[in-house]
Amino acid sequence: HFEYNHILSNLIFNVQKNTANVQDSIILLSFALHNVNYQGDCIYRDTSVPNWPDDVFNREDSLVLYSYELNSDSTFETTPLYIDARVGTKVNGTGGYLVIPQNLRRTSDDDVVSLSLAYGFVAKNSNKVYSKNYASVTIPVSTIAQWEQNKKYTYNIYLAAESNDIIFGTPKVSSWNRRQGGSTIIVQ
């Protein structure tokens, strides 16, 4: 018998187009996180709670979470990820991205966690992208200063109507799952 807890953080990103663009078809072309700790040591010492020391992380300059390649003439053949205006489009499907718990407040402006995305406007009744927009923004740390283990963070990202600005709503933080007691079988 043992208790199960997640030792990672779960990130969910919902990208939503502006309601002023409700008639426009917009597809996501790329989505990436920057300056994210991607490798580290999880230590269990004198406790049943895992610990992720801050000084043993490896950091990734650019972690591409989604990418869609257009043809050379800006057309697409397979179905891309369309950005919705009402409920948002989950960049990562249903499960989210698993990341090492980490402090988002960094000592240097060159070291902050940020995201970048590219999206394109699709011509009506066609499969051709006629305009591409690129945007990047720092992950806000005023409400969430760190990603903690066994927590799920849902970020709602709102694209501006006429510019490349990204607007964040207040992130939702929830317990990832309940603790699970009893016998558990782990298959590798």
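Predicted model: local features only at pLDDT ≥ 70, side-chain atom pairs only at ≥ 80, totals over all residues.

Q: Which residues touch the most other members of the largest nonpolar core?
A: They are Phe13, Phe31, Leu115, Trp147 and Tyr155, in a core of 36 residues. A nonpolar core here is a set of buried Ala, Val, Leu, Ile, Met, Phe, Trp, Tyr and Cys residues joined through side-chain atoms within 4.5 Å. Buried means under 20% relative accessible area, exposed over 50%, and partly exposed in between (1.4 Å probe, protein chains only).

Q: Which strands each supply at least two residues of this core?
A: Strand 1 (9-16), strand 2 (25-39), strand 3 (58-67), strand 6 (97-99), strand 8 (114-122) and strand 11 (151-159) do. Strand 2 gives the most, with 7 residues. Strands are DSSP runs (E, at least two residues), numbered from the N terminus.

Q: What is Phe13 in contact with?
A: Leaving aside neighbours within four places in sequence, the contacts of Phe13 include Phe31, Leu33, Leu65, Tyr97, Leu115, Tyr155 and Ile157. Contact means heavy atoms within 4.5 Å. Phe13 is buried, at a relative accessible area of 0%.

Q: On to the rings: how many aromatic pairs are found in the whole structure?
A: The search finds 5. Rings of Phe, Tyr and Trp (its six-membered ring) pair if their centres lie within 6.5 Å; planes under 30 degrees apart count as stacked, over 60 as edge-to-face and the rest as tilted.

Q: Why is the pair of Phe13 and Phe31 tilted?
A: Their planes are at 50°, so the pair is tilted, with ring centres 5.1 Å apart. Phe13 lies in strand 1 and Phe31 in strand 2, so the pair ties together parts 18 residues apart in sequence.

Q: And Phe121 with Tyr130: how far apart are the ring centres?
A: The centres are 6.3 Å apart and the planes at 40°, so this pair is tilted. Phe121 counts as buried at 11% relative accessibility, whereas Tyr130 counts as exposed at 53%.

Q: Last topic: where does Ser74 lie?
A: Ser74 is in the loop between strand 3 and strand 4 (81-82). Ser74 is buried, with a relative accessible area of 17%.

How values were computed
Residues numbered from 1 in each chain as written. Heavy atoms only, no water. Helix = DSSP H or I, 4+ residues; strand = E, 2+ residues; numbered from the N terminus.
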